[in-house]
Amino acid sequence: MGRLKERFQAFVNNRWLVFVAAMWIQSCAGVGYIFGSISPVIKSSLNYNQRQLSRLGVAKDLGDSVGFLAGSLSEILPLWGALLVGAMLNLIGYGWVWLIVTGRVPVLPLWAMCVLIFVGNNGETYFNTAALVSCVQNFPKSRGPVVGILKGFAGLSGAILTQIYTTINFPDQASLIFMVAVGPAIVVIALMFIIRPVGGHRQVCPSDGLSFTFIYSVCLLLAAYLMGVMLLEDLVSVSHTLVTIFTVILFLLIFIPIVIPIVLSFCKEPRDPTEEVLLPKPEQQEAGKSEQDAQEQEVIFSEVEDEKPREVDLLPASERRKRIAQLQAKLFQAAADGAVRVKRRRGPHRGEDFTLMQALIKADFWLIFFSLLLGSGSGLTVIDNLGQMSQSLGYDNTHIFVSMISIWNFLGRVGGGYFSEIIVRDHAYPRPIAIAVAQLVMSVGHVFFAMGWPGAMHIGTLLIGLGYGAHWAIVPAAASELFGLKKFGALYNFLTLANPAGSLVFSGVIASSIYDREAEKQAHQHHIPPQISGSIFSGMFAQDEPLKCEGSICFFLTSMIMSGFCIIAAVLSMILVYRTKPVYAHLYGKSRT
């Protein structure tokens, strides 16, 4: 009995249990990705035009991304408290929207609807922050895979929620809003006490590589299964019984990863855990020295960092260590002789722990931010307008494309984390090179949307989903490598502001204005009196008759503009790659032979 209790305690404190619970929370937490399915319901119920709907989309993106409060609360409250706050925000925001759409409460003005959408989606920042902070601290040497998998499940949540909605067979589409309000809150409250740091760096075992391989296999199987189910339900008429069976299998696939902490805790003999290497070797060797000696060493190491030639970091590991040791010895001797005066360092170097204010004065941080703004902002514009884009090209069922982009988004995140980890681990090359590749892929996807060729919606959805998803696996991992883990929550939540900033420009201004202009032209040609929209920001919260645009011309110019901005984003990412080569050579090159 005592042994069983001990093993149960090990199970509760197992870092893989925290990781799996975080995956489950993320699988229903990305409610913003289903906005393309609920926006047509809101548009028709409240008689909005495209510009007004875009304002709701921008409010949704702001809610997704303004996470300063979530980051701050995660440092003050226990993580379960932050998750509880997020669940309440999600329930209140979307619950009220559902009451309005179904006519149970009076209709509010557009600005109030924007506030409700903002509040409902802001809960997602609490879910993301708690999941990422706990798991990155528990898996400090596997940041790429952990971030990629967690963000991947957030991206997949749109497809999961859509499948559950299809199974429950609600009487009207507005019920999808009700499910978005209630479902995530129930799951988060059920799991919130599991999500916490558990000293995961002391739980390393030889089977970790196999465990990650198993998780990746489940991810690929889950994505392939969902894609097959969605296509089948779209192409042929499927009975409700069969849909229910599909959903049961979906839940089984989502629950399968729990076998990892069960096996590690109950089926294996306990062993002394190995602690991951968290500090560079020179710092480990000096750990036993007095504080004064440690400070003296730190100053010397900082001086070595400043004085060494740039090309030293690009040498093979053995030669680099030899050159740095020679330079260090010279500096020690010079300092002892009084020939040089060792200066005190003014702030952390890249690769060390930064505060947000320290990071904000670094060019590398702003390169990441603006590259993310242009790349992910254009992808988010597609996600927000996918319902209208598919309708303009003659597709009646918009849910299939929302589900497909969720699946590709998921694979982009999982694949982005996996392949970027290979780049840094095996080649000691900067992780942002993977962001540049993703942005070039997205630029091609935007061209397909612009042209409106047969099958362009499917190919464009594939390319944009993969590229957009890769951003959110690679950027958090790169930020933690360049600016440290100590203030990761604040740094991550600041970078997510790039999403609504890009969406405000692309969706709230460019896409909506061009769409309404083309709709007015078509209304004039068909002798339908159009509503005059005026300037871009005039009548921002006014209600006009909805305008409908048909054909590829509706989003042609918008998509071509976004394609160009993705190319600019790739150039910014390549500048970041050039600037951070020495940093990655220092962080990962020492492990290469």
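Helices (H or I, at least four residues) and strands (E, at least two) are DSSP runs, numbered from the N terminus. The model is predicted: local features need pLDDT of at least 70, side-chain atom pairs count only at pLDDT 80 or more, and totals for chains, interfaces and linings use all residues. Residues are numbered from 1 along each chain as its sequence is written, and side-chain values use heavy atoms, with hydrogens and water left out.

**View 1. Cavities of the model.** The structure holds 4 cavities of 30 Å³ or more. A cavity is a set of points, on a 1 Å grid over the protein atoms alone, where a 1.4 Å probe fits but cannot get out. Points are joined across faces, edges and corners, and a volume is the space filled by probe spheres set on them.

**View 2. The largest cavity.** Its volume is about 140 Å³. Lining residues have an atom within 4 Å of a point; of the 14 here, Asp64, Glu124, Asn128, Lys151 and Asn499 are the closest to the centre. Two or more residues each come from α4 (50-65), α7 (110-138), α20 (456-483) and α21 (488-495).

**View 3. Composition of the largest cavity lining.** The lining has 5 nonpolar, 6 polar and 3 charged residues. Nonpolar covers Ala, Val, Leu, Ile, Met, Phe, Trp, Tyr, Cys and Pro, charged covers Asp, Glu, Lys and Arg, and the others, Gly among them, are polar. Helix α7 gives the most, with 3 residues.

**View 4. The second largest cavity.** This cavity holds about 40 Å³ of space. Its lining consists of Phe35, Gln50, Leu53, Ser54, Gly57, Asp384, Asn385, Gln388 and Ser507. Both α4 and α17 (363-392) give two or more residues, and α4 gives the most, with 4. By class, 2 are nonpolar, 6 polar and 1 charged.

Conventions. On a 1 Å grid over the protein atoms alone, a cavity is a set of points where a 1.4 Å probe fits but cannot get out, and a pocket is an open set with protein on both sides within 12 Å along at least five of seven lines; lining residues have an atom within 4 Å of a point.
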